[in-house]
Every structure is written in C-alpha cells, then in structure tokens.
Amino acid sequence: MTLSAASGPVSGNDSWAGTRTRIAILLVLLYAGASTVRWVQRASEWPTGAAQDEISTYEHAFGDLRAMLPAHGTVGYLDRLGPAGAPADDPKSEALLRFRRYLLAQYFLAPVLLVKSTDPELVIGNFGPEAVPEVPTGLRVIRDFGDGLVLFRSRP
C-alpha cells in the first residue's frame, strides 16, 4: 500500500485504474494520429486520379475547340459519316456511347447549341479516337484536334 499526499493510502486497484485510463487515452491519440496520416495520404493522391476521368478528358479536348466557336448560336454536329458500318456487338451500347459523347460535347460547348446536321456554317465532327474520318461532301477541314475531333466549315 502506498500513501497519497492528499488522501492517505491508495489501494492497488486505484493505481491500476489510473494506468488503464492513461493507456486508453494513449490508444485514442494513436488512432487519431494514424487516421489523420491516412486521410492526408488519400487527400494528396486525389488530384492525380481525378484528372483521368471522362469529363476532365473532354474538358481538355474541347478547350481549344471552344475558343474557335462563336459565343452563341448553332453549330452542326456529326458523330459518324454515312450509313452505319458493320453492326456492333451491342447496338444499344454503341448508341449509348454516341449519345454520351454528344451530351458531353454539348455540355462543354454551351451556350452554343449542337444540332445533328451539316447545314450550319460550322460543323463539329466528334468521331471518337478509334475513327479516322474522311471529309464529308460539302465541308472542308478548319482544324483537326486529334482523337476524332474535327472542326469543319461549309463550302460556299
């Protein structure tokens, strides 16, 4: 038995209770520190992973194109030339991919309105990176941005 300056003798159970409290506090502090380190590590990795998503890819691809378009108005849009080629394995997934490309293009080029037509003076070809388009009749290439993205002008 030991003596405490303030209250007299202290039993062994009280000493063990104080030690357990100190250990519990130390464990909570270690857990909080480890959690903070993991959070900081994940936060520092986030920007590199975010740059690889589809929206960021389109933002970079359409940045130069947007600068060449009028502030507002209507621009033609092509996503394939002529009749459909060989049938796709899954026509619904091909249609969904083309529709998603159109929506992303419209989003990044707004407030310019994209219409699926070659009638406007400017026409955007968004054929995808797998396609190598030929120049459609009645149009001439203003600029090829690569990956199937082309800006055309109607011939007078």
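**Entry 1, the second largest pocket.** I started with the residue classes here: seven nonpolar, four polar and three charged residues make up the lining of the second largest pocket. I note at once that this is a predicted model. For volume, I got about 270 Å³ for the second largest pocket. Its lining counts 14 residues, and those nearest the centre are Thr57, Tyr58, Ala61, Pro129 and Asp147. I then looked up which elements give two or more residues to that lining, and found helix H2 (54-67), helix H3 (91-109) and strand S6 (139-146). H2 has the largest share, with five residues.

Next I stepped back to the whole chain. I count three helices and seven strands in the secondary structure. Along the sequence I read the order β-β-α-α-β-α-β-β-β-β. Of the 156 residues, 24% count as buried. I also checked contacts between residues at least 6 apart in sequence, and 64% of these join residues at least 24 apart.

How many salt bridges does the structure hold? I found four. As a reminder to myself, side chains of opposite charge can pair when their charged atoms come close.

I took the bridge between the side chains of Asp79 and Arg98 to begin with, at 3.1 Å from N to O. Its partners are 19 residues apart and link distant parts of the chain: Asp79 is in the loop between strand S3 (74-78) and H3, while Arg98 is in helix H3. Are these two residues buried or exposed? Asp79 has a relative accessible area of 10%, so I log Asp79 as buried. Arg98 has 17%, and because the cut-off for buried is under 20%, I log Arg98 as buried too.

Asp79 has another partner, Lys116, with the closest N and O atoms 3.2 Å apart. This pair also links distant parts of the chain, 37 residues apart, with Lys116 in the loop between strand S4 (113-115) and strand S5 (122-126) and Asp79 in the loop between S3 and H3. Lys116 counts as exposed, at 53% relative accessibility.

**Entry 4, the bridge between Arg153 and Glu121.** For this salt bridge I read 2.4 Å between the closest N and O atoms of Arg153 and Glu121. Arg153 sits in strand S7 (residues 149-154) and Glu121 in the loop between S4 and S5, so the pair, 32 residues apart, links distant parts of the chain. I looked up accessibility here as well: Arg153 is partly exposed at 26%, and Glu121 is exposed at 52%. Which residues do salt bridges with shared partners join into one network? My answer is Asp79, Arg98 and Lys116.

I finished with a residue of strand S7, Ser154. Leaving out residues up to four places away in sequence, I listed its contacts as Thr118, Asp119, Pro120, Glu121, Gly138 and Leu139. Glu121 in that list is the partner of Arg153 from my previous entry. What does the side chain of Ser154 reach at 2.8 Å? I found the backbone oxygen of Pro120.

Conventions
Residues are numbered from 1 along each chain as its sequence is written. This is a predicted model: local features need pLDDT of at least 70, side-chain atom pairs count only at pLDDT 80 or more; totals for chains, interfaces and linings use all residues. Side-chain values use heavy atoms; hydrogens and water are left out. On a 1 Å grid over the protein atoms alone, a cavity is a set of points where a 1.4 Å probe fits but cannot get out, and a pocket is an open set with protein on both sides within 12 Å along at least five of seven lines; lining residues have an atom within 4 Å of a point. Grid points are joined across faces, edges and corners, and a volume is the space filled by probe spheres set on the points. Helices (H or I, at least four residues) and strands (E, at least two) are DSSP runs, numbered from the N terminus. Ala, Val, Leu, Ile, Met, Phe, Trp, Tyr, Cys and Pro count as nonpolar, Asp, Glu, Lys and Arg as charged, and the others, Gly among them, as polar. Buried means under 20% relative accessible area, exposed over 50%, partly exposed in between (1.4 Å probe, protein chains only). Contact means heavy atoms within 4.5 Å. A polar contact is a pair of N or O atoms within 3.5 Å; within protein, one must be able to donate a hydrogen and the other to accept it, and residues adjacent in sequence count only if both atoms are side-chain atoms.
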